Amino acid sequence: HLRAAANAMHQGPRHRKPDLPPLAAMPPADDRRRFLTMNRRLREHRLVALGRIFARGLQGRGLISCIGLVEHRRHEVAGVIRKARIGLRAFAAEIDAFEREVAPALPLTIPGDTATDPIFGIEHELFAATDFSLVVETEMSAGENRRFTEKSLKPLAAGHPAVVAGNAGVLAMLRGLGFRTFAPWIDEGYDLIEDPAARLCAVLAEFERLAVLPEDAMAGLRAGLAEATGHNARHFAAGLPEVIARQDEALADTIAA
């Protein structure tokens, strides 16, 4: 999957245009949004994340999408809500907020987003208009899964800081591929938490802290993270293909042996 995602992103036209100006519908540079969160198909932990955003009144601070559901599939939304109430009972307030405020508004779209490949495209305009990403991965397991998807690669490729709600150890895996993560500027202790509900709680707490930081503090955080984010964009363009090539060679040697 890593190979497929990296190859597709490197070849895709939206990765080739990192210098595009912000779209006309996007906020100007002096009115940037604090966070970006892009979601497609609704899942229980994504429902909780969206519910937290709306419960705290943070939706105006970010660019938010959830576009995998359309009007004639409302029964699917109700099904995910039921699953969340069973599996994530500690987040009753967030689930209530989602059902009350978010569900009636689905699908959520970002004005001006013209991405033609929402899986492997890199939406540089949206990253440029925001300070950090809240990545809500495809799964949040109890430790049995050690993997991530293109969702965690996108912000790194775009030179964007990120908080990742995913499987335990995602950040460690990314560092193992040569990327840099964002401690101590961002609390990444959540990456070590095996219990998915506790991990989600820690992720959302750090997300909320960043979302409400005063602007002078966020400016300092952006400056502190500049070295890591610049490295990640360069590494995605040049270093990651070499890492993947070495992995392919090691796999070939293992098969030959």
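Are Phe35 and Phe132 buried or exposed? Both Phe35 and Phe132 are buried, where buried means under 20% relative accessible area, exposed over 50% and partly exposed in between, with a 1.4 Å probe and protein chains only.

The model is predicted: local features need pLDDT of at least 70, side-chain atom pairs count only at pLDDT 80 or more, and totals for chains, interfaces and linings use all residues. Residues are numbered from 1 along each chain as its sequence is written, and side-chain values use heavy atoms, with hydrogens and water left out.

A pair of aromatic rings is described by the distance of the centres and the angle of the planes. Rings of Phe, Tyr and Trp (its six-membered ring) pair if their centres lie within 6.5 Å; planes under 30 degrees apart count as stacked, over 60 as edge-to-face and the rest as tilted. Searching the whole structure gives three aromatic pairs. One of them, Phe35 with Phe132, is tilted, at 6.3 Å centre to centre and 45 degrees between the planes. This pair joins distant parts of the chain, 97 residues apart: Phe35 is in strand E1 (residues 33-39) and Phe132 in strand E3 (residues 130-136). Helices (H or I, at least four residues) and strands (E, at least two) are DSSP runs, numbered from the N terminus.

Phe35 also pairs with Phe207: the ring centres are 4.9 Å apart and the planes at 85 degrees, so this pair is edge-to-face. Phe207 lies in helix H8 (residues 196-211), 172 residues from Phe35, and is buried, as is Phe35.
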